Amino acid sequence: MAEALISSPEIEERRVKFKCQQYEADVKASQWPIIYSSEYNISFCGLEKLHPFDAGKWGRIFEFLKAAGMLREDTIVEPMEATDEELKFVHSARYLCSLRWSLTVAGITEIPPVALLPNFLVQRKVLRPFRYQTSGTIMAGKLALERGWAINIGGGFHHCSSDRGGGFCAYADITLSIKFAFDKIEGVSKVMIIDLDAHQGNGHERDFMDDARVFILDIYNRDIYPHDGFAKRAIRRKVELRCYTNNETYLEHVRRNVERALNEFTPDLVVYNAGTDILEGDPLGSLSITPQGIIERDQIVFQKCRTRGLPIFMVTSGGYLRETARIVADSILNLRKLNLISCVEAETAPLIDSDVPLTSLTRSRSDGGLFARLKRSCLSRASSSSQNMSDLGSPAEPPSPSHPCGIELSLPKDMTDLDSPVDPSLDRGTSNTAAIDH
Ligand SMILES: [Zn+2]
């Protein structure tokens, strides 16, 4: 039924005429294929605190990576907000209309007080951040195909399909990214989704039901939400875990099944949904994976794809414990340390307070002047001051200067050692609060 909506003649016609802003954006070599905007974060007069999840997770990941010397505001890619026109590339008009009811959004986000708010506030404070993150995922698909890899610091709304939201997922960013890649990039005809969030990815599964172009590998806890038996039919390789599965069992499943999936199906693009709600102590994921296990998991996936030369992009998906941001940042630093991701041009880009123009390329065509610099500087300071930076890690090692910002990859000697330790000096937060589903 979802497929029928996606393939309607009206949408087919729009497909021909439609230009996607993420594909029009001018991204320079001096920018990492890492996408983030301060607009990702949900902040709403303290209302977000009514639900004990880290609504600023995405900003904290960025700040950790910035403090580690990896990223700067001018060396990342900032997405624009996804437009209605873009969302309609996948979503039904009926579904988008339903988001004009605050009650619907309260159900999707699982924050009941949202139902009491005027919808214009819900749109601005809740859905707008999701639209930015969705745009980031669309852009990640494009950048991964150009550069070999990309990371969206947000996104991964894998419970949302073209006509139904849920589990904190209001837009089907994964479906959108894949559909745009199919539509906009010649030669992209096969995509693999590796979904390693603790929950079953029923949104993209419903959207790609009976679509032979998309191979879905899903490893999830079978005893938790969403129990979507219909969507399971779309999974080509499925691993159903029991509660409290530990590192050893989990990582063996990941290693074996990613390897076998890639032997069965050679995609033009891999979408990696890297939810961190598999973390021990996450009350909704109910698995027992350590921070080190998460870092190793991401390493396995990147190694297997990058050594085969397969373009891959990662989205951060679920996992909202306070310590999650630190773990995601550590994992990205580990990928960089192993040269599984790199961008020498970004690492060596001059600072923006020299005479070099801004390189925030999605915006550079319209607001690259002094005023924009001042505004960005103020925003950056405001953002930084709102973060608790007391547990920031130490800078990671710089990458090999011989490694280009692209698909080619020269592997370090320890690349094949999946058990190689990650920098143990990277500390983590200790609080342990409930998480929202994802
Ligand atoms: Zn989840």
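**Packing of helices α4 and α14**

In this predicted model, helix α4 (residues 57-67) and helix α14 (residues 324-337) approach each other with their axes within 8 Å, crossing at roughly 45°. The arrangement of α4 relative to α14 is therefore oblique, and the crossing is right-handed.

On the α4 side, the contact is made by Lys-57, Arg-60, Ile-61, Phe-64 and Leu-65. Helix α14 contributes Thr-324, Ala-325, Arg-326, Val-328, Ala-329 and Ile-332. By class, the residues in the contact of α4 with α14 comprise 7 nonpolar, 1 polar and 3 charged.

**Strand β2 and its partners**

Strand β2 (residues 149-152) pairs with strand β1 (residues 34-35) through 2 bridges, and these two strands run parallel. Within this pairing, Ile-35 stands opposite Asn-152 of β2. Strand β2 is also joined to strand β7 (residues 312-315), by 4 bridges and again in parallel. Here Trp-149 has Ile-312 of β7 as its bridge partner.

Both faces of β2 are covered. Trp-149 and Ile-151 are buried on one side, and Ala-150 and Asn-152 are buried on the other.

**Arg-206 in helix α10**

Arg-206 belongs to helix α10, which spans residues 202-207. Arg-206 counts as buried because 24 C-beta neighbours lie inside 10 Å, the threshold being 20 or more. His-159 is 47 residues away from Arg-206 along the chain, and the C-alpha atoms of the two residues are separated by 9.3 Å.

Conventions
Residues numbered from 1 in each chain as written. Predicted model: local features only at pLDDT ≥ 70, side-chain atom pairs only at ≥ 80, totals over all residues. Buried ≥ 20, exposed ≤ 12 C-beta atoms within 10 Å, placed from the backbone. Axes fitted to C-alpha atoms, helices over the stretch in contact; angles between N-to-C directions. Parallel < 35°, antiparallel > 145°, perpendicular 65-115°, else oblique. Left-handed = near helix turned anticlockwise from the far one by under 90°. Contact = placed C-beta atoms within 7 Å. Nonpolar A, V, L, I, M, F, W, Y, C, P; charged D, E, K, R; others polar. Pairing = 2+ DSSP bridges.
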